[in-house]
Amino acid sequence: MLTISQKCKKLLLEENINSDSNIDFDVNGKIHSMDFEYIIDTYMQASEDSQEVFLLALKKSIDAKEMGVDKFFEGMGQLLLMTHLSSKIEV
């Protein structure tokens, strides 16, 4: 039986989408790059329910074709980046 992570990566493979594709984010002139596989692997550290939601959202983005997948991973990457940067802010 496939894990949710494997299902996500299999979906990309079936759609001929390279899981090594990068999304670049410019934060105050510093470029942060994340590939699709890193984003998937990071979200797979969440609860099983969250993993299922991620998989369902990925399926919907694939149904919207390539632009939907790009936007999906851009949004997911932005959330990861904001979480990472906010954890570095001292209050």
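**View 1. Order of elements and overall dimensions of the predicted protein chain.** The C-alpha trace spans about 45 × 25 × 20 Å along its principal axes. Residues are numbered from 1 along each chain as its sequence is written, and side-chain values use heavy atoms, with hydrogens and water left out. Because the model is predicted, local features need pLDDT of at least 70 and side-chain atom pairs count only at pLDDT 80 or more, whereas totals for chains, interfaces and linings use all residues.

**View 2. Ser19 in the loop between helix H1 and strand S1.** Ser19 is found in the loop that lies between helix H1 (4-14) and strand S1 (22-27). With a relative accessibility of 17%, Ser19 counts as buried, a class that means under 20% relative accessible area, with exposed over 50% and partly exposed in between (1.4 Å probe, protein chains only). When its neighbours within four places in sequence are left aside, Ser19 is in contact with Leu12, Asp35, Phe36 and Glu37, contact meaning heavy atoms within 4.5 Å. For the protein chain as a whole, 33% of the 91 residues count as buried, and among contacts between residues at least 6 apart in sequence, 57% join residues at least 24 apart.

View 3. The structure holds 4 aromatic pairs, rings of Phe, Tyr and Trp (its six-membered ring) being paired if their centres lie within 6.5 Å, with planes under 30 degrees apart counted as stacked, over 60 as edge-to-face and the rest as tilted. Among them, Phe72 and Phe73 form an edge-to-face pair, with 5.1 Å from centre to centre and 85° between the planes. Phe72 counts as buried at 10% relative accessibility, and Phe73 likewise counts as buried, at 0%. Ring pairs link Phe72 and Phe73 with Phe36, Tyr43 and Phe54 into a cluster; Phe36 is also one of the residues in contact with Ser19.

Technical notes:
Helices (H or I, at least four residues) and strands (E, at least two) are DSSP runs, numbered from the N terminus.
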